[in-house]
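Please work through the exercises below with the sequence and the model open beside you. Each task is followed by a solution that goes step by step.

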Amino acid sequence: MPASITLSGLSYSTPDGRLLFDNLNIAFGAERTGLVGRNGVGKSTLLRLIAGELSPRSGTITVSGHLAVLRQIVAPPPEMTVADLYGVRGALALLERAEAGEASLSELAEADWTLPSRMEASLARLDLAAQPDTPLVTLSGGQMTRAALAALTFGEPDVLLLDEPTNNLDHDGRRAVSDLLGNWRGGAVVISHDRQLLEAMDGIVELTSLGANRYGGGWSAYRARKAIELAAARHDLDDAERQLGDERRTAQAQAERQARRAGAGARKAAKGDMPKIMAGGLERKAEETRAADARLAERRVTSAHSAVDDARRKLEILVPFSVSLPSSGLVADRLVLRLDRITVGHDGQALVRDLSLEVRGPERIAIAGPNGSGKTTLLRAITGDLAPLSGAVDRRVDFAFLDQRVSLLDAALTIRDNYRRLDPDSSEEACRASLARFKFRADAALRTVDSLSGGERLRAGLACVLGRARLPQLLILDEPTNHLDVESIETVEAGLRAYDGSLLVVSHDEAFLDAIDIGRRVDLAIATGKPRFG
């Protein structure tokens, strides 16, 4: 039977009572489907529901075939190895005992002698030179993602569930993911903001507060069809609002005519031109007519108002958050940062050697290089989070650092409390205004960070860094577009283009780097650990 996933009448609310889905109906077959939608709409939650990790409030989920889920490993324990991703630690230990002559006959019968070579081949497909006993903490974020993908496909599942599979990956890693999906013959549901990856999908499912809609083809076909639908929905809304205005004006004019007639009748009765009993009858009849006309007018206005509401529901107006930045006050040619022959790494093992770098004035510099070349480690040394093995770091201005895990936020606090903690001089009014620009309005600002999706958490981090009245003169960003939807990425790009301080950024998103006008690059060569400047 072909692999398939069917969702029927699915409803789900978050633990804090926020409704994500209501009567959701969608099916996924043996094809590659991109799952898109704005941050916080519930894409990752939907994958967890399909995987059986969460239970819906109502509705059913029917799965045909074996599922495999890509799990993001944020902070693996020190003892966790590549073998644990594959779930084969015990099987490999059995082979070691067998080779040492310590295995029993029953154990020898269970030994899988092809396991190491099959693991090596699966890792090679993702361009990862790791061993089964390699600790995960020694891998970069991109290398860890590749290892998880290799383990995911090792058991040859029928359907892959992938949540942002290209996050943290370098160019080669992204190509490896694209190749893997390009050759995949089963089903795949892929959450991603990587437009190049989405272009290769067989179909796109857009998840919104209105439900789920399917579009054939990849990203470009989806965007073209979406533009047509949005134009039609806006036209319908314009027509409905025009009709509502007409009905309101008609009702008002009718009420005014009735009032004039009633006034004329009252004046005539006052003159005594007709018997009182006749005047009273005419007045009652006029009042009944006015009431009937008023009820009819109210029904017509209500109907027109409902039509407007229906049109608005069909047109989900996505207002991107605003990034309007004040001046940082950084003057040209001021020394911002100096690195004097620094060597950085872990446990005495150097990743970057003898790097010297000087940043002056509002420069925009990208730190580039393949996964494992030491980009994040270098940023940690620059921010003072990690002491260099040798050399010196000299920071001359105030800075803000937004890392891949948005660790500047306290997960147990609300977004509002995090903002006030990081910017204690701000008023409550200024805090709420800044958060509103990043689409955390009213009660949304009172959500705790641990309740946010990956994209919402990054947006909250951006709000706490870029939303301040006094901007730092140096911004250090590590993969700032991870988890953001496309509309949010474009808004961040616009905001950073307006930033007049120094910018130091790590990103594998070349379109993003081009959009924020990067002027200089430092490429870390993984083979030698020595930087290349461009």
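This is a predicted model: local features need pLDDT of at least 70, side-chain atom pairs count only at pLDDT 80 or more; totals for chains, interfaces and linings use all residues.

Residues are numbered from 1 along each chain as its sequence is written, and side-chain values use heavy atoms, with hydrogens and water left out.

**Exercise 1.** Describe how helix α12 packs against helix α13.

*Solution.* Begin with the geometry: α12 (residues 415-422) and α13 (residues 428-437) pack at an angle of about 120°, and their axes lie 10 Å apart. Helices here are DSSP runs of H or I with at least four residues, and strands are runs of E with at least two; axes are lines fitted to C-alpha atoms, for helices over the stretch in contact, and angles run from 0 to 180 degrees between N-to-C directions. Finally, list the contact, which means heavy atoms within 4.5 Å: I415, R416, Y419 and R420 in α12 meet E428, A430, C431, R432, S434 and L435 in α13. By class, this contact of α12 with α13 has five nonpolar, one polar and four charged residues.

**Exercise 2.** Describe how α12 packs against helix α14.

*Solution.* The angle between α12 and α14 (residues 454-466) is about 30°, with the axes 9 Å apart. That makes α12 roughly parallel to α14. On the α12 side the contact is made by I415, N418, Y419 and L422, and on the α14 side by A460, A463 and C464. Sorted by class, the contact of α12 with α14 has six nonpolar, one polar and no charged residues.

**Exercise 3.** Which residues form the contact between helix α3 and helix α5?

*Solution.* First locate the pair: the axes of α3 (residues 89-99) and α5 (residues 115-125) come within 11 Å and cross at roughly 135°. That makes α3 oblique to α5. The contact is then made by A91, L92 and L95 of α3 together with L115, P116 and M119 of α5, and by class it has six nonpolar, no polar and no charged residues.

**Exercise 4.** Which residues line the largest cavity?

*Solution.* The lining of the largest cavity consists of L337, V359, E363, I365, L474, S502, L503 and L504. Its largest share, three residues, comes from strand β16 (residues 502-506).

Methods: Ala, Val, Leu, Ile, Met, Phe, Trp, Tyr, Cys and Pro count as nonpolar, Asp, Glu, Lys and Arg as charged, and the others, Gly among them, as polar. Angles under 35 degrees count as roughly parallel, over 145 as roughly antiparallel, 65 to 115 as roughly perpendicular and the rest as oblique. On a 1 Å grid over the protein atoms alone, a cavity is a set of points where a 1.4 Å probe fits but cannot get out, and a pocket is an open set with protein on both sides within 12 Å along at least five of seven lines; lining residues have an atom within 4 Å of a point.
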